[in-house]
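Visitor: I am new to this structure and would like to learn how to read it. Could you walk me through a few features?
Guide: Gladly, let us look together.

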Amino acid sequence: TEIYTLSLHDALPISRYWQVRYGVLPQLIKFRPDVVVSIEFGPRSIQAAAYCAAFDVPLIIWSEGTPHSEGWQSSLRRIVRRSLVKRACRFWSNGVESSELLLSYGARKETLHEGMIGVDTAHLAEQVRDQLHRRAEIRAEIGVAGTVFLFSGQLVSRKGVREFLAALLPLAARAEEFSVIFLGDGVLRPMIEEWTS
């Protein structure tokens, strides 16, 4: 099976949107928080930073980006990120690679707190236990066999789609029975459909 290589810049045009919530700054002024936690580096964080600067309030930035996922950012976006990092006093990241990115933007190591993104795994485990008696039925409903692999995310280069498919090649070569479920969509969908045929 051949996997077609496709760089992000060679892919079909990707529409990107800035979600500008004009009510953020007025709401912050009305609410007057003692500390602000803002997610990532978009317009909401810019407004949060403006509020924090004006009212001398600490800003914490919660970031999940990594050098892999953010490596394609334009020079302007990098300038904005570095500016926001200078304004923030603390950072929450979801691991070593997220911290590495923040350090590259100028964050100090002592201001980083890793692993701040959590999931209620006890609740998920309970939900799985409740459905285990239907395992064979569910597998038949969705048409899977053998070991099942799940990919959840955008079907774009920066999400590691090609690497995921490459990791499956040894199984395909050994003719082992397995199934793959993709949850998501994106410009690499045709490549995945070609790979599966």
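Guide: Please keep in mind that this is a predicted model. Let us start with the aromatic rings: the structure holds seven aromatic pairs.

Visitor: How do I read such a pair?

Guide: The general idea is that two aromatic rings are described by the distance of their centres and the angle of their planes. Take tryptophan 62 and tryptophan 92: the ring centres are 6.2 Å apart and the planes stand at 65°, so this pair is edge-to-face. The two belong to distant parts of the chain, 30 residues apart, with tryptophan 62 in strand β2 (residues 59–63) and tryptophan 92 in strand β3 (residues 90–93).

Visitor: Are these two tryptophans buried or partly exposed?

Guide: Tryptophan 62 is partly exposed, at a relative accessible area of 27%. Tryptophan 92 is partly exposed too, at 24%.

Visitor: What does the pair of phenylalanine 151 and phenylalanine 182 look like?

Guide: Here the centres lie 5.8 Å apart and the planes are at 45°, so the pair is tilted. This pair also links distant parts of the chain: phenylalanine 151 sits in strand β5 (residues 147–152) and phenylalanine 182 in strand β6 (residues 178–183), 31 residues apart. Phenylalanine 151 counts as buried, with 9% relative accessibility, while phenylalanine 182 counts as partly exposed, with 22%. Ring pairs also join Phe151, Phe164 and Phe182 into a cluster.

Visitor: Now the cysteines. How many disulfides are there?

Guide: A disulfide needs two cysteine sulfur atoms within 2.5 Å, and by this rule the count is zero.

Visitor: Which residues make the contact?

Guide: From α8 come Val161, Arg162, Leu165, Leu168 and Leu169, and from α9 come Met191, Ile192 and Trp195. The residues of this contact divide into seven nonpolar, no polar and one charged.

Technical notes. Residues are numbered from 1 along each chain as its sequence is written. This is a predicted model: local features need pLDDT of at least 70, side-chain atom pairs count only at pLDDT 80 or more; totals for chains, interfaces and linings use all residues. Side-chain values use heavy atoms; hydrogens and water are left out. Rings of Phe, Tyr and Trp (its six-membered ring) pair if their centres lie within 6.5 Å; planes under 30 degrees apart count as stacked, over 60 as edge-to-face and the rest as tilted. Helices (H or I, at least four residues) and strands (E, at least two) are DSSP runs, numbered from the N terminus. Buried means under 20% relative accessible area, exposed over 50%, partly exposed in between (1.4 Å probe, protein chains only). Contact means heavy atoms within 4.5 Å. Ala, Val, Leu, Ile, Met, Phe, Trp, Tyr, Cys and Pro count as nonpolar, Asp, Glu, Lys and Arg as charged, and the others, Gly among them, as polar.
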